[in-house]
Amino acid sequence: MQQKRIAIFGSTGSIGKQTLEVISAHPELFVAEILTAHSNDALLIEQALLFVPNIVVIGDIAKYAVVKKALEGKPIKVFAGEEALEQVAAMDCYDFMMAGIVGFAGLKPTLTAIESGKTVGLANKETLVVAGDIVMRIAQEKGVHIIPVDSEHSAIYQCLVGEQNNPIEKIILTASGGPFLGKKPNFLVNVKRDHALQHPNWSMGAKISIDSATLMNKGLEMIEAKWLFGLEPSQIKVVVHAQSIIHSMVQFEDGSIKAQMGLPDMKLPIQYAMAYPQRLANKFPRYNFDKPNLLSFDEPDLKTFRNLQVAIDAMNKGGNTPCVMNAANEIAVYAFLKNRIGFLEMTDLIERTIDKIAFISQPSLDDYFESDGEARSFAASLIQL
Ligand code: NDP
Ligand code: MG
């Protein structure tokens, strides 16, 4: 395999840091070419001094001077601001984008990479939730591979290797159930951010941790799967599997089900996407069959975790509804993280925003950006009341 030049968008995040670990473990195969951060200038500087990429971008323009000064005398170009993210995403100097920015902010740079013909390792699921139809169409036109990094979608992608001519009957997305599995609304009404951030199986960024606690994450993943694998909503089933050992499954037309298994460690799907189609040897811990193990499967509790039902309804409705839902969810999650609203109020905020914003059945990219903006303003106005 030729050495791949990697651009990590969101290098200071959970996905970004683990991508750098994979690069460190395989310096002959990967080199960090571009690193981007939003607000964490200190970590970006530390990473830049260690990996000496060609380019770094700091999203927050106010931090440009600090980063520039710290990297003075190094062969590293420093850019700042939202537009710089897009300009850099269009550059020739890299081969593979790790799309590790969180939220709607990841959409533009990821689309730019796709338009520029780059292979994308997609962690930023919001890109497909918001504008999956447009993103997948452009990827197809450009002949670009979007390789999922989200563990469930990586699992499905791996199950589909060699099955090009075999239609999918159904996919089964596994859900850990998050930190509040089995809890009821009378418990959830009082939960606070620190408890909600404690995921039993995965260590992740704050936003996706809250999404996992509300099960919105699984809803976002259903929509992500719909676009990635060209499925009808009726072909996507969610099963609660608390141990997070089976990362997801594909059921074929003969009734056979393929599963991808392993210990929960995001470095595995990250490495798989970066090295695809090759599998690289590593020292990650292995699943142990010598101990007694119980793998369980259960129905999700849609009545308690209403965000999942809201997301299923949004997926079925289509148009700009998933985009609006995503925007309201981002506002709700950040308000919850700041203790401004309660755990269960997040769903109310999302539902009220979906009801308010005008439905567009076949949105253009501009429509998506407008719907996102309107939904954010409306959701934020509800919190200030
Ligand atoms: P983190 O919050 O840990 O990291 C987010 C990254 O995005 C940081 O580098 C951050 O910069 C940057 N960022 C934040 N806001 C902006 C912005 N407005 N513009 C540009 N960059 C921004 O998130 P995760 O790594 O957990 O998640 C990243 C994506 O991957 C999400 O979409 C998530 O759903 C998905 N994902 C994550 C998994 C995980 O295990 N973490 C698993 C599966 C999917 P800074 O910190 O400098 O402000
Ligand atoms: Mg996932």
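Me: How many residues surround ligand 1, and which are the closest?
Reply: In this predicted model, 24 residues surround ligand 1. The closest are T12, S39, N40, E126 and G205. By class, this shell comprises 10 nonpolar, 11 polar and 3 charged residues.

Me: What makes the pairing of ligand 1 with the backbone of I15 a polar contact?
Reply: A polar contact requires a pair of N or O atoms within 3.5 Å. An oxygen atom of ligand 1 is 2.9 Å from a polar backbone atom of I15, so the pair meets the cut-off. For a polar backbone atom of G205, the distance to an oxygen atom of the ligand is 2.9 Å. At A123, the corresponding distance to a polar backbone atom is 3.4 Å, and this pair therefore also falls within 3.5 Å.

Me: How much of the area that ligand 1 exposes when taken alone does the protein bury?
Reply: Taken alone, ligand 1 exposes 900 Å², of which the protein buries 86%.

Me: Why is helix α5 called roughly parallel to helix α6?
Reply: Helix α5 (residues 107-115) packs against helix α6 (residues 126-142) at an angle of about 10°, with the axes 9 Å apart. Angles under 35 degrees count as roughly parallel, and α5 is therefore roughly parallel to α6.

Me: Which residues of α5 and α6 meet?
Reply: From α5, L107, T110, L111, I114 and E115 take part. Their partners in α6 are T127, V130, A131, V135, I138, A139 and K142. This contact has 8 nonpolar, 2 polar and 2 charged residues.

Technical notes
Residues are numbered from 1 along each chain as its sequence is written. Chains are lettered from A and ligands numbered from 1 in the order in which they are written. This is a predicted model: local features need pLDDT of at least 70, side-chain atom pairs count only at pLDDT 80 or more; totals for chains, interfaces and linings use all residues. Side-chain values use heavy atoms; hydrogens and water are left out. Axes are lines fitted to C-alpha atoms, for helices over the stretch in contact, and angles run from 0 to 180 degrees between N-to-C directions. Helices (H or I, at least four residues) and strands (E, at least two) are DSSP runs, numbered from the N terminus. Angles under 35 degrees count as roughly parallel, over 145 as roughly antiparallel, 65 to 115 as roughly perpendicular and the rest as oblique. Contact means heavy atoms within 4.5 Å. Ala, Val, Leu, Ile, Met, Phe, Trp, Tyr, Cys and Pro count as nonpolar, Asp, Glu, Lys and Arg as charged, and the others, Gly among them, as polar. A residue is near a molecule or strand if one of its heavy atoms lies within 4 Å of it. A polar contact is a pair of N or O atoms within 3.5 Å; within protein, one must be able to donate a hydrogen and the other to accept it, and residues adjacent in sequence count only if both atoms are side-chain atoms. Accessible areas come from the Shrake-Rupley method with a 1.4 Å probe; for residues, only the protein chains shown count as cover.
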